[in-house]
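Could you walk me through this complex in the viewer? I would like to know what to select at each stop and what I will find there.

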Amino acid sequence: MKAMEWHWPKNLEEFTRLLKEEGALIHAGGTAIREERIKSAVHIIDMSCLSLNYVKKQDGVWHIGATAVLNDVIDAFEGAHGDRLLVKALKNTATTPLRNRITVGGSVFLSPLWSNLMGPLLALEAEVEVVGKLNGMYKYEDLLSKKAEFQGSAIREVRFSDKKIMHYFDRFARTATDYSAFTVTIAFAVEKDVVKDAKIIVTGCKKIYERLSQAETKVIGKKLKELTPEDILEGANVEFANKPAGSGAYLAEVSKVFLCRGLEALGRAR
Amino acid sequence: MTNYTNYINVGKNKEKVDALALATGEPLFTDDFPLKDPLHIAFLYSPHAHARIKSIDTSEAESTPDVALVLTYKNTPTS
Amino acid sequence: MKANFKINGKTFEFEFPPHAKLLDVLRENGFTEVKCGCREGFCGACSVLLDGKLVNSCMIYAASAKDREITTVKKIGTLHEPHPIQEAFVEAGAVQCGYCTPGMVLATYTLLERNPNPTDEEIKEALDGNFCRCTGYVKIIDAVKLAAEKVKEND
């Protein structure tokens, strides 16, 4: 059996050097790595000593370190601004003790199909700072479309501007702790009750995520109370694979219901 | 309303005897007790649902190294 | 590999394989108050506090918890010096088989630390990582509310 070694690099130079080793496996502190996977690693690179567990706002930009856990994010945002899109999405993720270990870096790097973070981060136009094989800032959507290219690299930080948005988030799952079958994220930039910008995103579908750009165009320029969900969503057809939570056809129908609910909720909001 | 004052248990709030021990994590479950080098037991059942046992040959099992004991009806107490 | 852990205020050095889970390292070294339920991070029987935060020890590699502070239910209170939370669980009838109870007590402890007057909803959210197959949860929620009162009285 290969000898497994744990490393706790104290700085980024050490970290990126270890990343290049054969059989390197990054452990940010979350719950995604199964025992079989750990056993097959030669070098386990623990990120806990890199001081990346911060959630802070600087000059109107939120910076979330890779090893910040989901509850850290909830606490920081609830304390600062109350109702936030990310808070709603995260509070519906896993359970309290799991959220004390699941890291933002790990969640974003893996971005599994059932991720609750995907929609909100896309709506917030998030960027990721990457170190290792690739270095620098990348749009989150680029990470999603080119995951394979990011192997051998690690996320150092997730960033997005602190915008004032009206938002709606919901997810569909069989039980409170079940994986999301899909999520619906709607974000509006609103000025004097008129929608200036819109993001309508469904995740968990066949294409992983879909932006309903036609619906977004229909919404922009309209007053909130003038929103008519049926017209806005006409022609929108998100396709889903069959999942434990329901058949593809069923999930497509339910996602339309959720989208309607979201648009109605935002239409009524002030 | 029935008067329960003459009863010892009926109508009374009785604390579960081991509740505090359980709430404070005292070792009470089988797996909580450490065993050093325990023996492991395996059961062999009759492969026939309705049959008469004519004989049981334990010689091969008994001569296998690391077998501490083979129990059958012959050497198992019934009371 | 070897590593140090500060458990319930005392430092210990344990030896374990690199892939060992914190739950197993704790139980094999005598901390049997940490229970093994599902090994999947759902039931919460294995709950401990890691640097004061409620976590599922079955989902943590022991190595990644090295040099950290771990609190088990025995630090909260013992048979001879029980914590008001543990007394509340007993009084409210919230203990049946008792397997989930250490985890519930720890979850209640961290909840009341942050929120001394939780609503029913807040209690359910804080204990959403602790499953019980015996009680049906109603008495557990009563126990948490009773514990909140007792803790306030104590202060």
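Predicted model: local features only at pLDDT ≥ 70, side-chain atom pairs only at ≥ 80, totals over all residues.

Residues are numbered from 1 along each chain as its sequence is written, and chains are lettered from A and ligands numbered from 1 in the order in which they are written.

**Stop 1: chain A.** Colour by domain: domain 1 covers 5-46, domain 2 covers 55-161 and domain 3 covers 166-268 (the bounds come from an automatic or database domain assignment). The centres of domains 2 and 3 of chain A, taken over C-alpha atoms, are 21 Å apart. Now select where they meet: 16 residues of domain 2 are in contact with 15 residues of domain 3 (contact means C-beta atoms, placed from the backbone, within 7 Å). On the domain 2 side, α4 (85-91) and α7 (118-123) of chain A each give two or more residues, and α7(A) gives the most, with five. Helices here are DSSP runs of H or I of at least four residues, strands are runs of E of at least two, and both are numbered from the N terminus.

**Stop 2: chain C against chain A.** Here 20 residues of chain C are in contact with 19 residues of chain A. Highlight β4 (53-56) and α5 (120-126) of chain C, which each supply at least two residues of the side touching chain A. The largest share, four residues, comes from β4(C).

**Stop 3: chain B.** Along its principal axes the C-alpha trace spans about 70 × 35 × 20 Å. Of the 79 residues of chain B, 8% count as buried (20 or more other C-beta atoms, placed from the backbone, within 10 Å of a residue's own). Bring chain C back: 12 residues of chain B are in contact with 17 residues of chain C.

**Stop 4: α3 of chain C.** Which residues of α3(C) are buried? Select P84(C), I85(C), Q86(C), A88(C), F89(C), V90(C) and E91(C), seven of the eight residues in this helix (84-91). These buried residues pack against α1 (19-23) of chain B, together with α2 (73-76), α4 (101-114) and α6 (138-154) of chain C. Finish on G93(C), which follows α3(C) and has a positive phi, near 75°.

Key:
Contact = placed C-beta atoms within 7 Å. Buried ≥ 20, exposed ≤ 12 C-beta atoms within 10 Å, placed from the backbone.
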